[in-house]
Amino acid sequence: MTQFVVETDDLVMAYPQQRGWRSLFKSLPKKVVLDRINTTINRGEIFGVAGPNGAGKTTLVKILSTLVIPFSGSARVLGLDVVEDSLAVRRRIGVVYGDERSFFWRLSGFENLLFYASLYGLSGKEARRRVSQLLELVGLQEHADLRMHHYSSGMKQRTAIARGLLSDPELLIMDEPTRTVDPLAAMELRALVKERVIDSRRTVILATNDMGEAEQLCDRVAFISHGKIQMVGNLEDLRGAFQLDEIHHVVVSGLQRSSFGFLRDLVSSIEVVALDTGQHQLELRTAPGGPAVPVVVRRIVEEGGDIWSCSRKQLSMDEIFAMAVERGRQTAAEEVLV
Amino acid sequence: MTAAVAYLRRDFLVWSSYRLAAFWQVAGALGIAGIVYFIGEAVGDRANSIPEENGSYAAFALAGVAFFDMLFRGLGTLSASVSEHQRAGTLEPMLLPPIREHELLLSFCLFPFCISMLRTSVFLIFGFVLLGFWDSANGLSILAVLVPAQLTFLGIGALSAASVLLLKQGDPIRLAYSVAMLTLGGAFFPVDAMPGWLQQLALLLPLTHALSGIREGLDGGSLVDVAPQVAVLTALAVVCLPAGLLAFRWAVRRAKQEGSLVEY
Ligand SMILES: Nc1ncnc2c1ncn2[C@@H]1O[C@H](COP(=O)(O)OP(=O)(O)O)[C@@H](O)[C@H]1O
Ligand SMILES: [Mg+2]
């Protein structure tokens with residue numbers, strides 16, 4: 001028994017470029033979309049899978065949820081092989097799709113969930129109780145008996161989350177759960193996930209191309225692009241991977257532009273920008289964790305400058321994302337076929 | 001089994017959410033029954049190659065239509081469900097819950113099967129009550145033929161669902177089979193009316209045996225009388241049902257390997 005909830009070993013997925021009866025008789029070329037993915041996810045972790053459209057996020061989560069069988073390599077979910085033990089895996093996971101098409105719009109949210117509850121082996125009173133409880137959890141108890149075609153897209157996604165939780169799964173997989181909803185509904189959904197879905201017993205995989213979402217919800221994020229995991233880690237790790245220097249912005253008045261030379265020796269580099277207000281903004285790069293900032297501040301004051309603000313600039317998730325994609329492009333082979 | 005019941009319940013709720021759904025089913029069946037009756041009246045005594053059912057073409061064709069309808073649905077409903085789910089993009093969500101392939105197939109066809117029973121009952125009641133046909137019918141004989149026949153058709157239906165899953169476009173198995181059934185199976189005209197070599201060909205179709213057995217039962221034939229048909233159909237069911245299930249399982253696996261559960 002491993003302690004990992006998910007473990008992949010040289011996982012490769014390649015899709016045939018043509019389909020049809022010919023593929024039954026001879027093997028046609030396939031395009032590699034996941035190239036030897038090795039990763040592990042710990043129990044209780046909120047694990048983000050980030051990457052641009054077409055990176056292979058959906059493919060990866062479909063392999064983990066047994067809907068796609070990998071070309072080679074293997075994946076284990078809760079210690080079970082996703083191909084050989086597909087049924088047992090499906091029993092223990094929940095899945096939430098971004099584009100929810102699997103509900104029956106002529107039925108109410110309650111009836112829809114009751115249907116899926118039976119497919120997960122719940123029945124009778126137990127099923128009804130579970131469904132009511134989940135509708136309340138996602139804040140839809142008042143609309144439980146409304147036909148789903150009256151639901152907004154946000155409400156449909158809430159229902160989808162409730163369905164994902166029906167079997168109280170140890171692993172919940174969400175594939176771009178906020179993709180089809182408006183920004184406000186997306187914010188509410190994220191809050192719902194953060195406050196009510198995530199709990200310490202449950203492991204969550206969240207595929208997303210929204211870096212803010214990854215930052216808000218995930219403990220660790222894997223960046224996929226060009227079929228490979230470019231980096232994986234928590235936010236600090238990811239920043240560290242790209243940001244070699246600390247960057248600070250200091251806004252100063254009372255000193256001439258040419259007079260900042262006294263700072264040269266204290267920092268790795270300095271750039272001065274004149275602001276409209278007559279002040280100057282200094283962008284200082286310093287070795288991480290070094291004592292430069294307090295020293296710089298004291299020296300500016302000693303030279304007669306006034307400091308209006310001093311802030312540390314961090315790479316945003318979007319910037320990290322862009323850099324990761326760029327790195328993927330540089331190392332990517334043209335187009336891998338097998 | 002819970003899965004099949006859940007599908008049954010859901011399909012019923014969706015179906016009954018359309019007002020008049022039941023009305024249209026019954027009315028449609030009655031319409032067809034009426035047409036068959038009038039054709040029978042028009043043909044009258046000239047239908048001399050129909051030895052059974054008191055020589056009435058209406059009784060012959062009505063029985064043919066009633067059971068053809070039922071068996072044909074047994075054949076077509078699985079591939080229709082699969083292609084419907086494929087088009088709507090809901091095949092993956094259906095394959096996600098922990099149910100096995102054979103349960104899924106059962107789930108797909110349970111409600112349509114109930115509907116086709118409803119239609120068949122309409123045809124039979126029409127003939128029996130209104131027209132006074134089949135007053136000596138032997139229900140047990142009919143059932144003994146119907147069960148293996150329906151299982152055979154489900155097996156062929158599963159094969160054809162597998163082919164839809166793999167090839168997506170249309171359903172060659174079902175198409176070829178339905179053409180053959182319509183022409184050779186003896187639903188609308190007796191097999192005896194065809195040239196000899198076509199009669200031989202017709203013997204290869206389960207429908208021929210099913211309908212001839214059912215007609216014997218409608219005429220009061222005992223279990224012994226229908227034993228030959230039951231034997232043939234049982235043998236066919238024993239081959240077709242497992243073959244269909246295996247083919248469907250294989251097709252699902254293959255579709256997962258190709259990523260072709262979704263339209264791409
Ligand atoms: N079922 C499929 N058949 C063929 N190609 C596919 C299929 N699904 C995805 N792809 C291709 O694989 C790549 C990865 O797609 P996907 O996993 O959906 O990425 P993401 O979810 O990150 O947007 C894309 O280039 C896409 O065109
Ligand atoms: Mg995707």
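This tour moves from the interface of chains A and B to one helix pair inside chain B.

The model is predicted, so that local features need pLDDT of at least 70 and side-chain atom pairs count only at pLDDT 80 or more, while totals for chains, interfaces and linings use all residues. Residues are numbered from 1 along each chain as its sequence is written, chains are lettered from A in the order in which they are written, and side-chain values use heavy atoms, with hydrogens and water left out.

**Stop 1: the interface.** Select chains A and B together: 36 residues of chain B are in contact with 35 residues of chain A, contact meaning heavy atoms within 4.5 Å. The buried area, which is the accessible area (1.4 Å probe) that two parts lose on being put together, summed over both, is about 3,300 Å², and carbon and sulfur atoms give 62% of that figure. On the chain B side, select Leu96(B), Pro98(B) and Lys256(B), which lose the most area to chain A and together account for 21% of what that side buries.

**Stop 2: a charged pair.** Next, show Glu92(B) and Lys62(A), whose salt bridge has its closest N and O atoms 3.1 Å apart; the term requires a side-chain nitrogen of Lys or Arg within 4 Å of a carboxyl oxygen of Asp or Glu. The count between the two chains is 2 salt bridges.

**Stop 3: helix 1 of chain B.** Colour residues 2-17 of chain B, which form helix 1, helices being DSSP runs (H or I, at least four residues) numbered from the N terminus. Helix 1 gives the most to the side of chain B that touches chain A, with 9 residues. Within helix 1 of chain B lies Val14(B), and Val14(B) touches Phe104(A), Arg106(A) and Leu107(A), if residues up to four places away in sequence are not counted.

**Stop 4: helices 6 and 7 of chain B.** Finally, select residues 139-167 of chain B for helix 6 and residues 172-184 for helix 7. The residues of helix 6 that meet helix 7 include Phe153(B), Ile156(B) and Leu159(B), and those on the helix 7 side include Tyr177(B) and Met181(B).

Technical notes. Helices (H or I, at least four residues) and strands (E, at least two) are DSSP runs, numbered from the N terminus. Axes are lines fitted to C-alpha atoms, for helices over the stretch in contact, and angles run from 0 to 180 degrees between N-to-C directions.
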